[in-house]
Each structure stands twice: as structure tokens, then as C-alpha cells.
Amino acid sequence: MSSYWKVDDVVQIGETKVEIPSENGLSYSGGQKISLFVPPTTKFMSGKDSYLQFDVKISLPSGLSEGERTLLQLDEAGAGILFKNLRIYDGSRGVLLEELSEYSSLVALKYDYDADDSLRRLRAMTEGGTTYTENNRGSLGTSKSAMADVTTNPYFQANAGKNASLTNSDFTTAKCCVPIHSGIFSGSIFPVMMTNGLYLEFDLQPASRVIKQLDNAIKDRRQLLNPVYASVYETSGDALISDWTNGSSIDSLYFAEENSISGDADGVARFPFVVGERINFAYKTDNSSTATFSGDLIISEINACVDLSAVEVIFSDTSITNDTGTDIVSGEWIAYSTAVCDRTSYDATYEVSNFNLVVHQIEMDASYEKGMIAKAREGKAIEFDIHSVTTYKNSLLASDRQTSFLVHANNSRAKSLVVVPTDSSIYTSAQLISSSETYEVTADSMDIRLNSNRSGYVGVCDQLSSVQYMIDGKLVPSRPISTKKCATRESIDAFHLFELEKGLDNAGVTPRSFVRYLENWVLSRGFAVGQGAMDLRSKDLTVQLKFEETTAPSVPKMILSHVFHVRRLIMRSTGIEVQV
């Protein structure tokens, strides 16, 4: 057998960009399938230079009442997170060349760990992602958030909902250019003509999985990033006072110059709430202490107040009484949105339109093409290796404290195993969008409480004490990898991060950053170093997990075991064979 790829005999004489539209519709929503066909006339394609190009627009649920309007955006990773599964067939649609199940998990894994400030900004510009911005920085010591951009967010206009009730017209259409993270589209030149074209299918995630509220507007993620209460005018005496005393009534109040909010037009633009949104108050350092009122705190006006160096908020109800049983003290209470978390469901939607695959087509010397076709006709095979991933799934109950599960891998050239224990709890759409009652990542003085806003496609530690693997009847490493310090959420287990770094590097995910190691908890075991690989055929591969901490695990899990491996495509005139 001979390989088509030899560096010294490839003569590239030209390149062009070709847009290929989807074939089964003009627009798509959550849960639907998108398909497109790359014709064999493309001949040769540079997969790593090809990308998806499409528009995304978010819409509020239909039939909303006043008080239920709020700013929304996609996951911070961008529009690549919209795809739940990806399948790539040959042109006849009879041979499955590559299938990436739980594609969203793979995108989150890559973008959380293979990331630095430059990459995050680049993805924010091209892929519809968001990143930390100085304009919306916190001033009370919270961790940095990529979900707090109010002024330059790609999914809604600047000053959206500040002068009138927020509507769907305030949400913008984001144009996204997204790479395809698969072996065929991540490598070098691919001979599309030898597979008689390529047929691609994308399954879209449900809207509630990928649409989020802003971190600086909700209670359960970095609540110290939210607007801070400053003062009120009492309706009885029309006098400005610092504290909203228990039993007194107001129709407006003021928010302090904290967390990038100021008493001018720019401060109003950075204000995370909108007209038509219902809010409430929580004690600044206690997530569970919330206020109660007679009347609704539904915003009707948001104004700059230069004289008081504050943002003025006027409510629809002209007399709202503090029934909390205590004073709401200036500087000690923060506001949060109840537009979503107080509902049993919140059916926000997104629409994908103008979906195209931009193919980077490579033109080769005519003699090179003829030589490849001649080899196939002579009965020889053209072999093409791609780096791919196969995902195996296992389930785990929250009550399981010691468990082992078998990964039914049958890969001949496996590079690495990456285990992502995702939260498989059943949440309502309102809980998913507002991060209300989802898995608690951390609870500390910095963020008070940090719930997961990516349930179902990122990993959770959930009091895991240790992990160990059994490969072909041998325990590796010889002693369990402790994760007890990580389980406390107050420290780091160096051996775990060392194993994770090796496993990610073997998987082709460059481990540039571990800042999200708790928010996207993953376990990993590399099978070889450098260019090496392990044959997992006829070998058992078992993962052993122990949850031995005093605090019991809190959520059931769907464990995604991503086996990164080298897949070989053998192309003959009679057909295509796939060796995994």
C-alpha cells in the first residue's frame, strides 16, 4: 500500500474559497438537524482552513408578561457549542467516516483548557463567544467573568432595554465563523474526490442548554458582581435616605458606583437590568438571605443620576413596601433578576440562518491528481490518517460512593482517555438559563456562590476523592490519583493536574490554562507519549472512582469517556474502509 501524501511530490498551484450552503432549509432552531454536501468537484480541501459561517439570533419567549424580560446570550464558548452531535459520511452516505457524539462537550473541553487571553479574544471576535472585558469588571473582588459583557455583547444592542421595555428587536443577529473540530477538518489536505464528496450532519442543542443570563444579573453566579443598593426616596416624606427601612414604601431607588456602574450615560449602558425586568434583593455575603416586598419591583425607567453618582431605577408600582423584617442597608444588599428563576419554564429560542460551509479548496497539479486516480484503479489503496475521538457513555447515581465502569473502547491506535463526568440532573429551562438550583461549583467569600451554567456538557467534581484506571488487568498508576483537595474546592491536587496535563497534550488539546479546572472538571490518562499510541482491542479499560468525602455527592452523572485516537481511512476504487 502507498500513501497519497508525500511532502516532496505535492505541487500546490492554487487555492480558492467556496461557500457550500445547507441543503435542508434556510433557518433552524434548537433540536433540529442541519446537513450539507461537499461535492467531489472540490477535489482537495484544507480542512483546518475551512469553517462554518452562519447567523444566530436569540429571541425571548412568546407571551411574556412585564417583569419577565432580561438580557440573554449564548454560552461564552460561542456558536460552536450549538452542535450536540456531528457526523461525516462519504458522498454516497453509506460509510460513516467520523462521528463526534457530545460535540458540545469536546468544544467546551478545548476552549476551557486550550485557551489564553489572545485565543479567547479571537474566538469572541469570530465565533460569537464572549470574554472578560474591563468595561464590565467587578470592584468587589469576584473572579473574572466572561458572561458579564453588557456594552459589546454580540447578541444584543448597546443600551438594549434601557429606554423602553426589552423586545426581540433589541437582540442582534450575530455572524459567526466557527471551525469544525474533527479529524477530517483539523488536519492537512484531504482528498474529497476519493470519498466521492463529503456529507455532513449537525444536530442542534436545545435552546435551554446554550442560552444564558448574564452573570452580573443573577443571584447564583458571582453575586458580588451585581448592582449594589445605595439609597431610596421614601414616598411619605420624599426625603433621600441611605437605608430602606423595614415597613417603609418607595417607588424608586438608586444603585451605587460599584462594579463599573456610574451615574452617567456610560454607567447606565453598563447596567445589567432592563426596562420590563423584575428584580429582588439579596444580602451581599449570604446567598440565601433575600428580601420580600408588597408590590412588584418591575423596572419602568433607568436613568443616570450625576448629582448622586448613582443609577436611578423607577418601578411600575408607585408604592412598594419593604416586608423583609429588616432594613435593606446601603452597600450591604445586591440586586438580582427574578425574570427567569421565578418561572417554571422560560422558553427562549435561537435561530440559525444562512448556514454555509466555507471550504478552502486546494488546486493540485494535474499530474498529481491523475497519479492518485491511477493508483486507485490499479487496485492499490490510498491511506489517510486522521486524529479523531470516540465517546463512550456510562451513568452514575448520586448515591454511588465507590464505582467502576468499563469503557468499551476498541480503538487500535488510542492516544488518550479524557473522562468528563457531566451533571445528568433534570432541570427546567428556567433553571438552566438562570443557573438556579444547578450544580454548585464553589461557595466562598470571593463569589459567594458559583453555580454551573453549562449543565450537561461540562464535568463536575462533586466530592470525588480519587481515580484510578485498570488497563489490560493492570492498575495504572500504581496508586490512586488523589483529588481530595480539589473536592474541598479550596486547594489543588498537583498529581491530578499533572496527569490531566499529560492526557490533554496526548489528546491534541494544548493545555494552556487550568483556570477552569473546577468549572469544567475532567479526568485524563494518556496512553503514550510523543507520536506513540496504544492498541485497545481485546483489552479491558476500567475507570475506578471513589467518593469517600464526608459530604455526599449531590448530582447523578452521565460520564462521557472521550477516547482520542488515530483513525485510518483506506480509499480504494471499490469503496472506503474505516479502521478505528
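Me: Which residue in β17 does S231 stand opposite?
Reply: This is a predicted model. Strand β14 spans residues 229-233 and pairs with β17, residues 252-255, in the antiparallel sense. In that pairing, the residue facing S231 is Y254.

Me: What is the bridge partner of Y233 in β15?
Reply: β14 also pairs with β15, residues 240-241. The two run antiparallel and are joined by two bridges. Y233 has as its bridge partner L240.

Me: How many residues of β14 are buried?
Reply: Buried means under 20% relative accessible area. By that cut-off, strand β14 is mostly covered. Out of its five residues, the buried ones number four.

Me: Which strands stand at the edges of the open sheet of four strands?
Reply: The order in this sheet is β26-β33-β30-β31, with antiparallel pairing. An edge strand here has a single partner, so one of its sides is left without a neighbour in the sheet. That describes residues 402-406 and residues 474-482, which are β26 and β31.

Me: By what angle are neighbouring strands of that sheet turned against each other on average?
Reply: The sheet runs β26-β33-β30-β31. The angle between its neighbouring strands is averaged with direction ignored.

Me: Which residue in β33 does S404 stand opposite?
Reply: β26 pairs with β33, residues 541-546. The pairing is antiparallel and covers five bridges. Across from S404 stands Q544.

Technical notes:
Residues are numbered from 1 along each chain as its sequence is written. This is a predicted model: local features need pLDDT of at least 70, side-chain atom pairs count only at pLDDT 80 or more; totals for chains, interfaces and linings use all residues. Side-chain values use heavy atoms; hydrogens and water are left out. Two strands pair if DSSP finds at least two bridges between them. Axes are lines fitted to C-alpha atoms, for helices over the stretch in contact, and angles run from 0 to 180 degrees between N-to-C directions. Buried means under 20% relative accessible area, exposed over 50%, partly exposed in between (1.4 Å probe, protein chains only).
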